[in-house]
Amino acid sequence: MSLNATLFGMAVWFILLIWFAYAKIWPPLVGAIDERRKKIAEGLAEAEKGKAALADGEKQKSLILKEARDQAGEFKALNEKQAQSLIDEAKAQAKVEADRIIAAAHASAATELQKAREQLRDQVAVLAVAGAEKILKREVDAKAHADMLNQLKAQL
């Protein structure tokens, strides 16, 4: 066989390999990557919502404290002890309310973040199994490999 025929044959096989990869392997990979990108964007959006809720809690806290200070100004007409007692009580109530709002915002943000992480872990496990199936060109038995998937989730 001549060198030209060998090079021509190799070029044909290479072109066939490129076509097969482009037609059969590339679309599922791009789809999986796009889906994961969307899930990550959703998780980040939920985290931003949690941050916004926390900022709202901080604003409400400052408004409540301002209101308490305003009420304290009204109490100047009262004698010193009564005014101080009422001021302290108003500040304590404002602080309790502000702390409650901030705690609720923190809890909401933490819950949303945990949900997003769990969703991402599940997605990664599914993508790993799908990738293994593609590589091995046969179906991987999910029941037989449940421990392996749980360990993968725990590592992520």
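Which residue's side chain does R37 meet in a salt bridge? The points below answer this and describe the rest of the model.

1. Basis of the model. This is a predicted model, in which local features need pLDDT of at least 70, side-chain atom pairs count only at pLDDT 80 or more, and totals for chains, interfaces and linings use all residues. Residues are numbered from 1 along each chain as its sequence is written, and side-chain values use heavy atoms, with hydrogens and water left out.

2. Confidence. The score used is pLDDT, the predictor's confidence in each residue on a scale from 0 to 100. Its average over the protein is 82, and 80% of the residues reach at least 70. Helix α1 (residues 3-74) has the highest mean, 89, while helix α3 (residues 146-155) has the lowest, 68.

3. Elements. The protein has three helices and zero strands, and from the N terminus the order is α-α-α. Helices (H or I, at least four residues) and strands (E, at least two) are DSSP runs, numbered from the N terminus.

4. The salt bridge of R37. The partner of R37 is D34, with N and O 3.3 Å apart. A salt bridge here is a side-chain nitrogen of Lys or Arg within 4 Å of a carboxyl oxygen of Asp or Glu. Side chains of opposite charge can pair when their charged atoms come close. R37 and D34 are both in helix α1, three residues apart, or about one turn of the helix. R37 is exposed at 54% relative accessible area, whereas D34 is partly exposed at 32%. The cut-offs are under 20% relative accessible area for buried, over 50% for exposed, and partly exposed in between (1.4 Å probe, protein chains only).

5. Other salt bridges. The structure holds six salt bridges. One of them joins E46 and K49, whose closest N and O atoms are 3.5 Å apart. These two residues also sit three residues apart in helix α1, about one helical turn. E46 is partly exposed at 25%, and K49 is exposed at 53%. Another pairs D99 with K95 at 3.3 Å, N to O. D99 and K95 are four residues apart in helix α2 (residues 80-136), again about one helical turn. D99 has 34% relative accessibility and K95 has 49%; D99 is partly exposed, as is K95.

6. A nonpolar patch. F8, V12, W13 and L16 form a nonpolar patch on the surface, with about 460 Å² of accessible area together. Patches are made of residues with over 30% relative accessible area and no salt bridge; like charges are joined within 9 Å and nonpolar side chains (Val, Leu, Ile, Met, Phe, Trp, Tyr) within 5 Å. V12 belongs to helix α1. V12 is partly exposed, because its relative accessible area is 35%.

7. Contacts across the sequence. Q123, in helix α2, touches E35 and K39, leaving aside residues up to four places away in sequence. Contact means heavy atoms within 4.5 Å. Q123 and E35 are 88 residues apart in sequence, yet 9.2 Å apart in space, C-alpha to C-alpha. Among contacts in the protein with a separation of 6 or more, 73% are between residues 24 or more positions apart.

8. Surface and burial. Of the 156 residues, 13% count as buried. The accessible surface comes to about 12,300 Å², and carbon and sulfur atoms account for 62% of that area. Accessible areas come from the Shrake-Rupley method with a 1.4 Å probe; for residues, only the protein chains shown count as cover.
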